[in-house]
Amino acid sequence: MTTDNSTPVILPLQPNAAWEHARSSAYSAGRPLPYETVPLAEALGQILALDTTALQPVPHYASSAMDGWAVSGPPPWQLVTHEEPRAERWQIHKESGRRPLQPGQAVAILTGGMIPAGASSVLRSESGVVSGGDKLTLSSSARGDEPSVGEHIRPAGEEAAAGEVTITRGTVLNPAHIALAAVCGHDTLPVLRPPRVSLLLTGDEVIEYGLPEAGQVRDTFGPQLPQLVTMLGGRMDVVRRLSDRYEDVVAALSSDATDEMSIAMSSGDVLITTGGTGRSEADHLRQALEDMQAEMLIDGIAMRPGHPTMLARLPDGRLLVALPGNPLAAMMAVFTVLQPLLDGLRGAPLPPERHVLAGVDIEPLPGRTRLIPCRIENGRAVPSPYFRSGMLRGIADADAVMVVPEAGCTTDEAVTALPLPWTVEQPPAR
Ligand SMILES: Nc1nc2c(c(=O)[nH]1)N[C@H]1C(S)=C(S)[C@@H](COP(=O)(O)OP(=O)(O)OC[C@H]3O[C@@H](n4cnc5c(N)ncnc54)[C@H](O)[C@@H]3O)O[C@H]1N2
Ligand code: MOO
């Protein structure tokens with residue numbers, strides 16, 4: 001099972017890449033994954049991988065839209081009955097269609113019952129009256145012209161011909177699409193496989209519970225990053241904590257299940273690491289990637305915060321997103337690299353950038369795009385004072401992230417803004 005994936009587009013590596021380039025490189029690095037076939041009940045919210053057609057005409061037989069009688073020609077009619085025993089209870093809907101009607105004949109029919117050959121319309125039960133056992137005429141409440149030709153008949157193929165495309169590839173499947181697929185005769189649907197993501201958390205100073213001492217920090221990633229990945233359309237695979245030892249980092253990244261640190265056997269398409277992107281004696285990620293001969297796709301981004309962010313392709317093909325350890329820097333790296341990468345792998349479009357009017361003047365910062373949490377107040381984007389790389393109050397309270405160019409901006413100037421994944425609906429797929 002494969003999609004029509006073509007050769008991956010490899011954009012040239014730019015150390016300290018411009019923010020826009022980093023975002024588009026990450027998106028192009030993520031080619032849609034092979035599709036998988038899932039039962040209808042599991043397809044909700046997934047992206048359809050191939051056009052879906054009607055496997056037979058919809059509806060697949062001409063049926064009655066009302067309880068009453070199928071009639072041939074104008075009134076009065078003589079009722080006919082078919083008294084053969086039915087094999088199955090559901091065949092009650094087939095009974096009415098068993099024999100052709102001659103002009104002047106009628107046969108009782110149920111809503112959904114099969115229209116017999118020769119029938120010109122259906123007379124609703126309210127509009128007919130039977131006398132003398134088998135004589136059907138219009139009741140006093142019937143319209144004078146009832147039933148008009150074709151009235152209350154649902155013709156076969158009225159909604160779709162056999163083979164007609166009813167749901168196009170790239171559609172994000174909603175409950176109505178699932179119902180339509182069922183009516184078109186499908187038991188399963190081909191959907192793009194969500195990218196599988198593994199998470200490696202580093203930092204010997206990071207604690208998971210309670211109050212940290214000086215020199216320790218509470219883990220801000222473990223309690224939310226897996227859920228954020230799910231929000232972005234990934235499927236979380238493994239979460240592992242790593243010691244700040246070079247050997248453990250190499251073992252964790254390796255495609256060989258060499259020791260207990262290895263996640264090779266369970267890891268999927270994308271590996272996220274947190275922290276260790278720097279060049280200190282405690283940071284081993286760069287060295288490990290170099291020693292493994294990983295292909296660096298992004299090595300640093302000219303942005304603040306989040307500049308040490310990396311994207312690499314491991315020799316086994318998995319993509320590694322290295323998020324900086326500082327919590328706000330890591331969030332901005334998620335929006336700049338991880339989110340576009342997952343969109344590419346999901347076959348979804350890169351979410352369109354929005355624009356906002358700056359609410360204040362912002363000074364230039366040569367060589368850096370700034371990503372600043374902001375609130376929209378009176379139609380203007382007001383940057384948060386909590387914008388430093390270790391701060392979380394700004395992003396926690398934000399409506400969006402302003403993308404301020406190195407030249408800065410002036411009040412009322414339009415600047416790019418990224419909506420937050422938790423304030424927007426999932427983007428439509430390509
Ligand atoms: N000499 C230089 N030092 C630093 C530079 C630089 O260019 N030259 N860049 C700074 C910037 S900017 C960033 S961002 C960080 C990148 O650091 P790392 O990715 O190596 O991350 P760590 O050093 O492991 O951690 C940084 C900071 O974040 C805290 N942290 C780590 N994990 C967590 C977690 N799970 N939850 C909360 N906080 C976490 C960690 O304790 C550190 O305080 O480097 C700067 N230095
Ligand atoms: O760029 Mo660092 O990523 O500012 O915090």
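The protein chain is divided into four domains: domain 1 (14-34 + 194-346), domain 2 (35-57 + 165-192), domain 3 (63-154) and domain 4 (354-419). These bounds come from an automatic or database domain assignment. The model is predicted; local features need pLDDT of at least 70, side-chain atom pairs count only at pLDDT 80 or more, and totals for chains, interfaces and linings use all residues. Residues are numbered from 1 along each chain as its sequence is written, and chains are lettered from A and ligands numbered from 1 in the order in which they are written.

The centres of domain 1 and domain 4, taken over C-alpha atoms, are separated by 25 Å. Their contact takes 14 residues from domain 1 and 15 residues from domain 4; two residues are in contact if their C-beta atoms, placed from the backbone, lie within 7 Å. On the domain 1 side, the elements that give two or more residues are β20 (303-304) and α7 (327-346). Helices (H or I, at least four residues) and strands (E, at least two) are DSSP runs, numbered from the N terminus. The largest share of this side, 6 residues, comes from α7. By class, the side of domain 1 that touches domain 4 has 10 nonpolar, 3 polar and 1 charged residues. Here Ala, Val, Leu, Ile, Met, Phe, Trp, Tyr, Cys and Pro count as nonpolar, Asp, Glu, Lys and Arg as charged, and the others, Gly among them, as polar.

A residue is buried if 20 or more other C-beta atoms lie within 10 Å of its own, exposed if 12 or fewer, and partly exposed in between, with C-beta atoms placed from the backbone. Arg196, Ser198 and Leu200 point one way from β14. Val197, Leu199 and Leu201 point the other way. In a regular strand the side chains alternate between the two faces of the sheet. Strand β14 pairs with β17 in the parallel sense over 5 bridges, and Leu199 stands opposite Val239 in β17. Strands pair if DSSP finds at least two bridges between them. β14 also pairs with β18 (residues 270-274) in the parallel sense over 5 bridges. There, the bridge partner of Leu200 is Thr273. In helix α5 (residues 246-253), the buried residues are Asp248, Val249, Ala251, Ala252 and Leu253.

Asp299 stands opposite Met310 in β21. The hairpin of β21 and β22 has 5 residues between the strands, and Gly317 takes a positive phi near 100°. A cis peptide bond joins Arg304 and Pro305, with omega about -5°. Pro305 lies in the loop between β20 and β21.

Two ligands accompany the chain. Ligand 1 has 23 residues around it, and Gly275, Thr277, Gly278, Pro324 and Gly325 come nearest. A residue is near a molecule if its C-beta atom, placed from the backbone, lies within 6 Å of it. This shell has 9 nonpolar, 11 polar and 3 charged residues. Around ligand 2 lie Arg304, Pro305, Gly306, His307, Pro308, Pro324, Asn326, Ala329 and Ser389. They divide into 4 nonpolar, 4 polar and 1 charged.

An open sheet of 6 strands has the order β8-β5-β7-β6-β10-β9, with mixed pairing. β8 (121-124) and β9 (128-131) stand at the edges, each with a single partner strand, so one side of each is left without a neighbour in the sheet. Neighbouring strands are turned by 40° against each other on average, direction ignored; axes are lines fitted to C-alpha atoms, for helices over the stretch in contact, and angles run from 0 to 180 degrees between N-to-C directions. Strands β6 (residues 77-79) and β7 (residues 105-109) run parallel, joined by 2 bridges. Gln78 stands opposite Gln105 in β7. The peptide bond from Pro75 to Pro76 is cis, with omega near -5°. Pro76 is found in the loop between β5 (68-71) and β6.

His152 has a phi of about 60° and is found in the loop between β10 (135-138) and β11 (153-154). His152 is buried, with 22 other C-beta atoms within 10 Å. Phi of Asn378 is near 50°. Asn378 is found in the loop between β24 (369-377) and β25 (380-383) and is exposed, with 7 other C-beta atoms within 10 Å.
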